[in-house]
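Please keep the structure in view while reading.

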Amino acid sequence: REDQQFCRGRAESRKRAVTAGRARICAALARARERMGIDGLLPFVSSALSDAHVSQFRGMAVAVDASGWLHRGAHACATELALGQATDKFLGFALRMVKMLQANGVTPVLVFDGGALPMKERTHIQRRKQREEAMEQGHRLLGQGHRSEAYACFAKAVAVTPAMARQLIAALRSQRVPYVVAPYEADAQLALLVSRGHCACA
């Protein structure tokens, strides 16, 4: 009986952990939706969400949006990028994630954005304006000696450039990590790779 109670307790703990994990994912998606201005994103993708450890994909390939990893890495050197200083720190996060997947027997396939979608031109203009405003505010704050506040603004102003993508591609080539450059945005290519069976998930 004690063993049964122990097993039930562990099962309930795992269930709570999974529920909490899904809540965190949903919250992150909600924040992304607010930033990206995609109406109905969260309900649309909720049925495709599931919690899994990376080791479950051992021996498989997974598709990754390279821009997301570059954005994350760029935050580590947002001030340097804003000031036009030469740096490759933005590669760090992506390359660490590649190594983590490989260490778990997973093959990462990084997907890069290609050309801009003409139908999203208005959205691109709006985002560019927001980045420019954040950049101006960051320089003002930096000039006043408020480095931490300036960094927060610079982080909002960071944009992944073709030059940054090329540097990551060069690093991937040197490590023989597969990658794909999408015709337009990476999202559709990620879905295609999974739907055609080339990758287990995205």
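Is the crossing of α5 and α8 left-handed or right-handed? The crossing of α5 and α8 is right-handed, meaning that the near helix is turned clockwise from the far one by less than a right angle.

**Basis of the model**

The model is predicted, with local features requiring pLDDT of at least 70 and side-chain atom pairs counting only at pLDDT 80 or more, while totals for chains, interfaces and linings use all residues. Residues are numbered from 1 along each chain as its sequence is written, and side-chain values use heavy atoms, leaving out hydrogens and water.

**Helices α5 and α8**

The axes of helix α5 (residues 91–103) and α8 come within 11 Å and cross at roughly 35°. Axes are lines fitted to C-alpha atoms, for helices over the stretch in contact, and angles run from 0 to 180 degrees between N-to-C directions. Helices are DSSP runs (H or I, at least four residues) numbered from the N terminus.

In the contact (heavy atoms within 4.5 Å), Leu 91, Ala 94, Leu 95 and Val 98 of α5 meet Met 164, Gln 167, Leu 168, Ala 171 and Leu 172 of α8. These residues divide into eight nonpolar, one polar and no charged. Ala, Val, Leu, Ile, Met, Phe, Trp, Tyr, Cys and Pro count as nonpolar, Asp, Glu, Lys and Arg as charged, and the others, Gly among them, as polar.

**Helices α3 and α5**

Helix α5 also packs with helix α3 (residues 66–75), at an angle of about 125° and with axes 6 Å apart. Therefore α3 is oblique to α5; angles under 35 degrees count as roughly parallel, over 145 as roughly antiparallel, 65 to 115 as roughly perpendicular and the rest as oblique. Trp 69, Leu 70, Arg 72 and Gly 73 of α3 make the contact with α5 residues including Leu 91, Phe 93 and Met 97.

**Helices α6 and α7**

Helix α6 (residues 121–143) and helix α7 (residues 147–157) pack at about 165°, their axes 8 Å apart. The two helices are therefore roughly antiparallel to each other. Among the residues that meet are Arg 131, Met 135 and Leu 142 in α6, and Glu 149, Phe 154 and Lys 156 in α7. The contact of α6 with α7 has eight nonpolar, three polar and four charged residues.
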